[in-house]
Amino acid sequence: MAVHPERFEHRRKRTPSSAIHSSPALASTSPPPSEPADNTAAGNTAVGNAAAGNAAAPATRGLALSHVACCVCGAEDCVPVGIGEDFEYRTSPDTFIAMRCRSCGLIYLDPRPAPAELPRIYPPNYHAFDFSPERFGFVYRVRRWLEARRALQWCHGLTDDARILDVGCGDGFHLRLLRDFGHRGWTLEGVDASERAVDAARRAGLTVHHGTVEQLELPPASYDLILLIATIEHVDDPAAVLRAVHRLLKPGGRAVIVTDNTATVDFAVFGGRHWGGYHFPRHFNLFNRATLERLGATASLEVESVETVVSPVNWVYSLRNTLVDWGAPSWIVERFSLRSPVALAAFTLVDTAHQIAGSGALLRVMLRRPATSAAATAPTPDAPALRHG
């Protein structure tokens, strides 16, 4: 579906984020639940934003929605670039609009589900709550191997007693990788707003805090490395999250962000409606290199490096969303999911070619809290020996 920005110019006064809107254009007709939820989305996973085998019947009640401004520059002047639905979980009948900020280029969801609706848009079968070999089989094993290699690269230079925090850890997938393959002396912790995800991580023997990184009273200047893997796109206020990250990092400590990249061929092809990276309505903010670097600067974090990362997921789910929207038979739709090694392998090759050209499906940004003393700026020791079994 083509989107013509000139027909949808979007200029309005900012509505307070606490206000709940029922927008006729987005078919939102019901009030929010009586108990509000945390405003940080539940969990991340190594597989990013893809669901698998979601056959739930479509919901009939519209979501309570709220309007927002651009989280990077604060502007309220934006135009629509994509219009779509919750093709993966069918948690509501709403139509959602991805807006592009005219000032900085950020793409963000506006209106978006109000905080009280988060338990609804992250249903019990949400993939980040249980990314396990029992559910995902061969794909899990391959992904585990690939993500272990990446995670150990992020940990290069850490001391034997380093402290690592995974923000939006979901069921603890990355924490388990670091426990299994990393140094035994590392202290591993996680944070997640989903009680279900936290319970799953704790059952695996992990130390995970229930809540949001902005609200939890974790010890300041205590962490050597903080991970935000498939997390920053889910949160309502990414700048506040990164300010909390800055506070928790030791001087000279690093933060790694991995998130969807809007400067890609798959976005150019599918961005009008079916792009997998939209993950409607769970991805609130979507970045390119410039907007993510600018976001880091708002939290006084220095950019150490930026690169793109290969991932087949947005390609696969762009096709899946198209098929769902066109009413294709379920047996065809299910050929494009996280349980489809053939589709994932094929689009891994496709995205590898784009990654070589610098436009891989994901962005990986390494940020650093500036060192505040001579000791903090001293070179870090070489990486400790890592276990691989």
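The structure holds 0 disulfides, a disulfide being a pair of cysteine sulfur atoms within 2.5 Å. C70 takes part in none, and the nearest cysteine sulfur to its own, that of C104, is 3.5 Å away; C70 is buried, with a relative accessible area of 4%. C73 is likewise in no disulfide, the nearest cysteine sulfur being that of C101, 3.5 Å away, but C73 is partly exposed at 26% relative accessible area. Here buried means under 20% relative accessible area, exposed over 50%, and partly exposed in between, with a 1.4 Å probe and protein chains only.

This is a predicted model, in which local features need pLDDT of at least 70 and side-chain atom pairs count only at pLDDT 80 or more, while totals for chains, interfaces and linings use all residues. Residues are numbered from 1 along each chain as its sequence is written, and side-chain values use heavy atoms, with hydrogens and water left out.

An open sheet of 7 strands runs in the order β9-β8-β7-β10-β11-β14-β13, with mixed pairing; strands (E, at least two residues) and helices (H or I, at least four) are DSSP runs numbered from the N terminus, and two strands pair if DSSP finds at least two bridges between them. At the edges stand β9 (208–210) and β13 (302–309), each with a single partner strand, so one side of each is left without a neighbour in the sheet. From one strand to the next, the twist averages 15 degrees. Within the sheet, β7 and β10 run parallel and are joined by 3 bridges, and L165 has I226 in β10 as its bridge partner.

Helices accompany these strands. Helix α3 (residues 173–181) lies across β7, β8, β9 and β10, at about 175 degrees to β8, where axes are lines fitted to C-alpha atoms, for helices over the stretch in contact, and angles run from 0 to 180 degrees between N-to-C directions. Helix α5 packs on the sheet, touching β7, β10, β11 and β14, and its direction makes about 150 degrees with that of β11; contact means heavy atoms within 4.5 Å.

The largest nonpolar core has 40 residues, of which I226, L228, I232 and L242 touch the most other members. Such a core is a set of buried Ala, Val, Leu, Ile, Met, Phe, Trp, Tyr and Cys residues joined through side-chain atoms within 4.5 Å. Its largest share, 6 residues, comes from α5. Leaving aside residues up to four places away in sequence, I232 touches P238, V241, L242, I257, T259, F287 and L295. Apart from this core lies another, of 33 residues, including A98, F129, F280 and V333.
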